[in-house]
Amino acid sequence: MNIVFMTPEVVPFSKTGGLADVSGALPIEIAQEGHNVVVYSPLYKSVDTKRYNIVPVKRSIFVPISGRMESVDIYESLDYRPNPRIRFLFLSCEKYFKREFLYGEGNKDYPDNHERFGLFSRSVFEALKSLNFVPDIIHCNDWQTGIVPVYLKCIYFQDSFFSGTKSLITIHNMAYQGLFESYTMDVLMLPWSLFNYKELEYYGKINFLKAGIVFADAVTTVSKKYAEEIRTQEYGCGLEGVLEERKNVLYGILNGVDYSVWDPSVDSLLPQKYSIKDLSGKKECKKSLLKKMGLDYSDNTPVIGIISRLADQKGFDLLFELNERLVNTGAKFVILGTGDKKYHEHFIGLKNKSPDRIGLLLGFDNALAHLIEAGSDFFLMPSKYEPCGLNQMYSLRYGTFPIVRGVGGLDDTIIDLDLDKERGNGFKFYNYNPEELLKTIERALRFYREEKDIERYIKRIMELDFSWTVSAKKYTALYEKLLGKDDRISQLF
Ligand code: ADP
């Protein structure tokens, strides 16, 4: 099959969150199955064109937007090609993408995001034609690509180049929908007849994610549990009805881990590598982590790590409610994150109260993220909701026990050790309240203090396999189904 993978961010070129990790790994896995894959993302200013030898392959394709033709260049990385069947292509339009950040600055989105990602979505059709890549599947990701299925069904259906093309959209987070003023219909140059509540409209505005859900041939999200949750009012963020209508083509496929990047036995970002055969490097990582975060090391003090976007989704209000009770548990906390200002202030307050117990870095630091996974004993994710969550799966490979709330992908991947000693791999609570969280942290710390052979458990969780292999097969089975071949889908889901 010829697969087009459309994404607003992709590792190693651009990243704000888990979607970038997924986009950097899943298409490679699909290519390894023998399919031809092209990954399209915008050429942001932050993309390191020198390092990856990213050069123009086609200049000035003209793309209709806002009643005029915009000139877009296609770039390609000549050096980064992990598999001969995959190409990483970039759509470049300086006016829209040569900015400091991907989506906005400070807490403010760029005001023309509708136009930026509208252009991105429309450009791909012109790019595919100009490079003569006839797609079987266009795989879209999140609201930034939600208009792609609309363009396919309502504009490019007339073009024989796309007559066999099917589209699919993966929802990585229901809370980000791309909601814009109605005049966006003119910017996108779509017929106003589509602006109705069954299609693109959402209470007087245009909703990019809804558009994708309605017009794509299939909809997926990133865990089985989240696929169920988003059809309820609590987690559907207002689109539960739309998803209910599309439930026959809605699938939950768990994200995987790229173990070439996230595995302590190959991780060159660590001061010392380690593996199941020799765990000594984990202790060195813990020492190095604490030093870096300005905390003293002691053998028996457990360290709880957090790496996160600082957003309401991630459940930090529970931590702030616990306040000093958190450090009274006897653990030390290392926290890496950036996001909402209010959380920055809260975390600074927490750190000021217990400077010897809390290490804090408010920013984005990939190397430190790796060190936290390796150097912590536990990893905390008390999320309000969590479509899949990657960090808990990374933690497992680094021998770091996740403490999670049982929602979405966290519920699908973590089994409580106190309930199941044989299969358990972490600690889990369900009710979203601070007392439950505290009890669960205390349970985890008791395990740390009392368990005689903790190494046995560390080794066991490091052996668990959350690689992309199985999930990539599910995606390709689904692509085949969309193209009329049903054979594998029933075996895999
Ligand atoms: P989400 O996509 O909701 O942000 P995930 O757990 O799926 O959450 O993925 C988060 C990814 O982003 C992980 O790779 C994590 O290590 C990384 N990450 C998040 N915040 C930071 C940060 N401040 N510095 C470095 N990496 C971060």
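**Notes on the cysteines and the ligand site**

1. Cys237 counts as partly exposed, at 34% relative accessibility (partly exposed lies between buried, under 20% relative accessible area, and exposed, over 50%, with a 1.4 Å probe and protein chains only). Its sulfur is 17 Å from the closest cysteine sulfur, in Cys388, too far for a bond.

2. A word on the basis: this is a predicted model, where local features need pLDDT of at least 70 and side-chain atom pairs count only at pLDDT 80 or more, while totals for chains, interfaces and linings use all residues. Residues are numbered from 1 along each chain as its sequence is written, and side-chain values use heavy atoms, with hydrogens and water left out.

3. Cys154 is also partly exposed, with a relative accessible area of 23%. The disulfide count is 0 (a disulfide is a pair of cysteine sulfur atoms within 2.5 Å).

4. Now to the ligand: 21 residues surround it, and the closest are Gly18, Asp21, Arg309, Lys314 and Gly363 (a residue is near if one of its heavy atoms lies within 4 Å). At least three residues of this shell come from each of domain 1 (2-256 + 468-492) and domain 2 (280-462); the domain bounds come from an automatic or database domain assignment.

5. A polar side-chain atom of Lys314 lies 2.8 Å from a ligand oxygen atom, and one of Lys15 lies 2.9 Å from a ligand oxygen atom. Leu390 places a backbone N or O atom 3.1 Å from an oxygen atom of the ligand.

Technical notes: Polar contact = N/O pair within 3.5 Å; in protein donor to acceptor, adjacent residues only side chain to side chain.
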